[in-house]
Amino acid sequence: MGIFGGRGKVYAPKEEVNLGPQSNEKYIRPNVKAPRIAGLLIKIAAWLLESWIIRPVAFYILKRDNLIHELISFAEQTESPWFLPLHPPKDHQEQETKSIQPDLTPPQRVEQAIDCLPQCPEMVSDSTFTFRWTIRDYSRAYLSGETTPTMVAERLLAAVRQSLEPNLQMEFLINQNKEDILKQATESTLRYEIGQPISVLDGVPIAVKDEIDCLPYPTTGGTTWLHKVRPCKRDACCVQHLRSCGAILVGKTNMHELGTGISGINPHYGVTKNPYNIKKICGGSSSGSAAVVAAGLCPVALGVDGGGSVRVPAALCGVVGFKPTFGCISHTGVLPLNWTVGSIGILAGTVEDAFIAHTVISDHIVPHESAYSPPRVEFPRLKSTSSISNIKLAKYSEWFNDSNDEIRSCCDQALTRLSTHYGWKTVEVTLPDIEAMRLAHYITIASECSTSLGPLLVKSNTKQFGWDTRVAMSIYGAFSSKEYLDAQRLRSRHMYFHKEIFRKADVIVTPTTGVTAYSIQNDALKTGELDYINGAALVQYMIAGNFLGLPAITIPIGYDKQGLPIGLQFIGQPWAEATLLHLAFATQTICMSSYRNPEVFFDLLKKE
């Protein structure tokens with residue numbers, strides 16, 4: 001989630017749109033005034049912030065030094081607050097889309113989605129294999145008899161055991177049940193033997209973040225106690241739909257405790273290490289979900305994105321991360337850590353697999369969850385990239401360039417290739433008050449998390465948290481109702497800014513993160529860490545997707561000099577999932593030749 005993590009003007013070439021006089025048009029970099037702390041220092045910080053004598057003074061200083069007072073608490077704002085980022089259905093004139101009836105079952109929806117994909121190339125099952133297997137690769141291997149879901153499940157269980165050996169200690173999962181996995185795999189194998197697989201997902205291994213209910217597992221949220229006061233009684237809605245398609249649910253992935261940080265370091269269940277370099281973080285909070293996909297254990301995993309928690313680890317681990325429009329996917333069965341910024345998201349090895357998973361779990365909103373019914377689902381026809389033309393990418397250069405040199409260079413090269421290959425144009429814009437939006441999002445997610453956990457903490461106590469989460473929860477409870485309301489006023493203002501940008505461009509383009517994966521330090525292993533400077537650099541491009549409920553997707557586009565992945569992000573208009581998926585697929589098409597497998601990789605479809 002990261003650190004504390006008037007209308008102006010939006011500019012386009014040769015045009016100026018006056019949105020009013022009250023914004024700060026000058027770009028303000030993330031203004032983080034907090035040192036990295038771990039080990040003994042983080043324990044001292046927790047004790048101080050939990051002291052009723054020191055607490056008020058400490059929080060006043062933190063808010064003042066991190067510009068919360070200037071940009072939020074005491075800033076003049078005239079907008080009405082906007083509390084729930086729900087967007088009314090809107091008819092988009094998508095390029096090359098296929099409309100799907102909403103009353104189809106998940107397996108029927110998958111069948112429709114497959115028709116939108118390009119022909120699957122022949123599988124390569126020898127040493128020349130250089131990238132991750134896809135959902136359709138698994139399906140074709142099963143249909144051909146080359147392997148079975150049971151054999152894949154056994155290989156997966158063996159790979160997880162290998163990943164826990166002393167030389168790796170990857171800590172992908174919090175919980176896994178061998179008997180349940182083999183039972184699912186056996187049932188799937190029998191369906192293939194009689195020629196009746198449920199869908200292309202039948203027998204495909206999929207992992208689930210431990211923030212989402214999935215039987216027979218407890219839902220811990222990365223804690224040691226939450227599942228005891230909130231037992232898992234049934235599958236989450238999204239898990240039900242995956243199960244109904246025959247997918248094998250292979251366990252609950254590790255995560256940053258309660259999603260309160262962005263590193264993925266969990267002192268209770270260990271650090272999920274980055275498969276590209278096991279000395280580096282995966283990012284969070286959906287760290288395990290990103291890692292199992294990157295390492296080849298699953299073509300798809302589910303995460304939850306409240307402040308970049310899907311897109312950040314996806315970018316750091318070199319996979320696709322997709323967060324749909326707020327309200328697109330039912331949150332029934334997801335830990336209610338926040339109500340207005342979180343969305344279930346998808347981590348996948350390819351855009352096609354993200355699309356298939358999205359097809360299964362989207363457009364199943366329970367009536368009381370949303371004031372609007374989602375629009376008719378539009379599936380992008382990904383069979384060709386040649387039809388994606390006349391695309392305008394909004395780019396705020398000062399913001400875009402506020403990343404390290406290698407990320408900036410890699411993203412600029414990707415934009416040049418997109419322009420050369422497809423003729424896409426970059427439209428220069430100014431997006432005011434970005435730092436204020438980041439702080440307003442932090443106040444929102446912090447206040448909602450603190451409030452939602454209040455009743456559960458009555459049955460427990462904060463001393464069961466890791467030390468980093470104790471500090472975070474102390475900060476989360478420090479915001480007033482006025483600050484929360486002021487944050488929602490900024491929400492209204494920024495939705496206005498973004499709507500103006502979308503009048504001139506199809507999507508907003510940014511790097512996904514400002515830095516690549518940084519090193520895991522030993523002093524954080526038992527206490528966690530607070531590294532708000534790196535955290536702010538990781539989430540600085542994430543906020544609009546969560547705070548404004550906009551869809552967003554990250555695609556791997558290259559690597560830095562250390563071989564660590566770099567991602568490019570597209571942020572779209574509400575309900576423009578088809579456009580995002582199509583643009584991401586086109587980007588993947590020109591970048592895939594440079595993709596490489598990570599140091600830690602398991603080939604589950606190998607021949608014996």
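1. How many strands form the open sheet, and in what order? There are 11 strands, arranged as E5-E7-E6-E12-E14-E13-E20-E21-E18-E16-E17, and their pairing is mixed. The model is a predicted one, and the points below should be read with that in mind. At the edges of the sheet are strand E5 (173–175) and strand E17 (425–428), each of which pairs on one side only. From one strand to the next, the twist averages 35 degrees.

2. Strand E6 (residues 205–209) is joined to strand E7 (residues 248–253) by 4 bridges, and the two run parallel. The partner of Pro205 in E7 is Ile248. E6 is also joined to strand E12 (residues 300–305), by 3 bridges, again in parallel. Here Ala207 has Ala301 of E12 as its bridge partner.

3. Is E6 enclosed or open? With 5 of its 5 residues buried, E6 is largely enclosed by the rest of the structure. The burial applies to both faces: Pro205, Ala207 and Lys209 point to one side, Ile206 and Val208 to the other, and all of them are buried. A reader checking side chains may note that Lys209 is on this list of buried residues.

4. Helix H17 (residues 481–502) lies across E16, E18 and strand E21 (565–572). H17 runs at about 105 degrees to E18.

5. Helix H10 (residues 287–294) has 8 of its 8 residues buried, so H10 is largely enclosed by the rest of the structure. The buried residues are Ser287, Gly288, Ser289, Ala290, Ala291, Val292, Val293 and Ala294. Their cover includes the strands E6, E7, E12 and E14, together with strand E10 (273–274) and helix H11 (311–316). After H10 comes Gly296, with a positive phi near 85 degrees.

6. Helix H12 (residues 351–361) packs with helix H4 (residues 106–114) at an angle of about 150 degrees, the axes being 8 Å apart. The crossing of H4 and H12 is right-handed. H4 contributes Pro106, Arg109, Val110, Ala113 and Ile114 to the contact, and H12 contributes Phe355, Ile356, Thr359 and Val360. By class, the contact residues comprise 7 nonpolar, 1 polar and 1 charged.

7. H12 is mostly covered, with 11 of its 11 residues buried. The buried set includes Glu352, Asp353 and His358 as well as Val351, Phe355 and Ile361. Why does His358 count as buried? Its relative accessibility is 5%, and the cut-off for burial is under 20%. Leaving aside neighbours within four places in sequence, His358 is in contact with Phe322, Pro324, Cys328, Ile346, Glu577 and Leu581.

8. Which residues of the largest nonpolar core touch the most other members? In this core of 113 residues they are Leu201, Trp424 and Phe570. Helix H20 (residues 577–591) supplies the largest share of the core, 8 residues. A second, separate core has 83 residues, among them Ala34, Trp225, Ile434 and Phe502.

9. Not counting residues up to four places away in sequence, Trp424 touches Ile388, Ile391, Leu393, Leu418, Ser419, Phe570, Leu583, Ala586 and Thr587. Phe570, one of these, is also among the residues with the most contacts to other members of the largest core.

Definitions and conventions. Residues numbered from 1 in each chain as written. Predicted model: local features only at pLDDT ≥ 70, side-chain atom pairs only at ≥ 80, totals over all residues. Heavy atoms only, no water. Axes fitted to C-alpha atoms, helices over the stretch in contact; angles between N-to-C directions. Left-handed = near helix turned anticlockwise from the far one by under 90°. Contact = heavy atoms within 4.5 Å. Nonpolar A, V, L, I, M, F, W, Y, C, P; charged D, E, K, R; others polar. Core = buried A, V, L, I, M, F, W, Y, C linked by side-chain atoms within 4.5 Å. Buried < 20%, exposed > 50% of the residue type's maximum accessible area, 1.4 Å probe, protein only. Pairing = 2+ DSSP bridges.
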